[in-house]
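Me: Please walk me through this model by question and answer. Keep it brisk.

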Amino acid sequence: MHLDGMGKLVPSRIPRAEADHVCPFSDHAPDEDKIAREIGLGRLPKDDRLGHVDRTWAGHVVEGDFREKASSGGLATWLLVELLNRTRATAVVHVHADPKNSDRLFDFAVSHDADEVRANAKTRYYPVTFDDAIAEVRRAKKPFLFVGVPCHVKALNALCLLDPELADLLVARIAIFCGHLKTVNFANSLAMQAGIAPKMLRSIDFRHKLAGRRASDYGISVESTDGSHVVRPMRDLVGQDWGKGYFRLKACNFCDDVVGETADISLGDAWLPQYVNDSGGTSIIVSRRQEYTAILEAGASTGRLMLDRISNDTVVTSQAAGFRDRRDGLRYRLWLAKRRGQWAPRKRVRPGYDHLSSARRIQLRLRWAISRRSHGAWRFAQRTWPRIFVLEGKVLSAIHLAAIKAGRRKKR
């Protein structure tokens with residue numbers, strides 16, 4: 001894979017035929033429901049929104065500095081360290097900062113101990129590929145844990161169904177809830193707005209916690225190659241509104257898995273009134289394996305974790321915007337693609353438009369237009385005047401807000 005002119009990953013060559021049965025957006029690859037059955041999750045109760053579920057919680061890590069150094073409640077890193085100690089796994093395949101031999105700020109790599117895992121905590125909104133990391137654990141025959149967003153986990157599961165030797169090495173799959181993936185230019189645009197030229201960008205923390213503020217009111221922390229360091233509240237920057245889809249990958253318009261339904265454990269942010277005011281961050285946890293449920297409950301019973309039992313409905317409420325986008329919005333995007341004669345992948349929801357009000361349809365089309373426009377607008381700004389991207393973004397945001405207000409008035 002390599003980065004193209006738009007900052008997204010594309011194949012360097014035509015992949016082998018098996019790729020058509022692994023790509024998470026291929027009609028020839030198994031969907032999430034089939035994968036769940038194949039990997040043994042089907043014995044658990046099924047929720048049409050979350051997949052098969054054993055137990056759900058909201059909480060955070062109490063011991064050590066796991067929570068302090070995490071994007072949210074620190075449970076993903078805590079769980080990885082715990083599984084390295086409790087299972088046969090001797091490696092973790094997850095996203096690293098400043099990977100070796102890479103032209104990217106972040107990429108999948110292999111951690112071999114708890115220190116490496118802890119050093120590479122945090123959420124990264126960046127295009128990554130796990131081909132080299134998987135090749136490494138396969139060559140070394142290392143039992144491994146895997147962490148990725150839902151489409152990463154789905155693709156790895158599909159690959160394991162074709163490759164029993166790799167499947168035997170895979171000990172556990174952990175998914176991170178996902179709104180959508182970004183191109184490299186999302187990081188570049190944030191750096192530019194923080195006063196650091198993209199070519200000088202050395203590192204970026206997309207989820208820098210701001211003490212005393214709501215968990216949702218986080219910042220970015222950007223470091224330049226000249227050593228300068230800038231922290232800016234995310235709310236001040238063009239592109240901060242996830243709903244508008246700045247630098248969103250096209251494939252993400254056709255995803256119907258919010259939480260990682262084919263993972264053994266899924267984790268996300270607890271965007272709920274009772275937790276969002278805690279700047280330390282709180283995680284949502286969905287367990288699909290009883291052995292991992294037991295590990296988490298043991299952590300809570302000994303005071304290492306703080307866990308509140310919550311319902312499936314509460315999990316969905318915490319990710320309400322994502323489910324609206326991946327259910328109602330996806331149905332409409334599939335209908336639009338069909339109407340325009342464009343190919344779109346086969347999904348588990350049916351194309352449709354009459355489930356939405358006319359105002360809501362306008363909002364979705366406007367968001368899709370903003371998302372598409374952001375890629376070209378950034379490239380144009382780099383050839384002319386970088387700040388024009390910010391000015392155009394503010395205009396588009398004003399139009400989007402006007403459309404939302406018009407929709408609300410119409411409802412009344």
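The turns below go from the sheet to a helix, a hairpin, single residues and the cysteines.

Reply: This is a predicted model, where local features need pLDDT of at least 70 and side-chain atom pairs count only at pLDDT 80 or more, while totals for chains, interfaces and linings use all residues. Residues are numbered from 1 along each chain as its sequence is written, and side-chain values use heavy atoms, with hydrogens and water left out.

Me: In β14, which residue is the bridge partner of D269?
Reply: Strands β13 (residues 265-269) and β14 (residues 283-287) run antiparallel, joined by five bridges. D269 has its bridge partner in β14, and that partner is S283.

Me: Where do the buried residues of α4 pack?
Reply: Buried means under 20% relative accessible area, exposed over 50%, partly exposed in between (1.4 Å probe, protein chains only). In α4, the residues A133, I134 and V137 are buried. They lie on the same side of α4 because they cover an arc of only 95 degrees around the axis, taken from the directions from the helix axis to the C-beta atoms. The buried residues of α4 pack against β6, β7, β8, α5 (150-162) and α6 (164-169).

Me: Which residue in the turn of the β11 and β12 hairpin has a positive phi?
Reply: Strands β11 (residues 219-224) and β12 (residues 229-233) run antiparallel, with five bridges. S221 pairs with V231 in β12. Four residues separate the two strands of the hairpin, and the positive phi, about 95 degrees, belongs to G227.

Me: Is Q193 buried or exposed?
Reply: Q193 sits in helix α7 (residues 184-193). A polar atom of its side chain lies 2.8 Å from the backbone nitrogen of V238. Contact means heavy atoms within 4.5 Å, and, not counting residues up to four places away in sequence, Q193 touches R232, L237, V238, R387, F389 and V390. Its relative accessibility is 8%, so Q193 counts as buried.

Me: How many disulfides does the structure hold?
Reply: A disulfide is a pair of cysteine sulfur atoms within 2.5 Å. The sulfur of C252 is too far for a bond, because the closest cysteine sulfur, in C178, is 6.0 Å away. The sulfur of C255 is also too far, because its closest, in C151, is 6.3 Å away. The number of disulfides is zero.

Conventions: Pairing = 2+ DSSP bridges. Polar contact = N/O pair within 3.5 Å; in protein donor to acceptor, adjacent residues only side chain to side chain.
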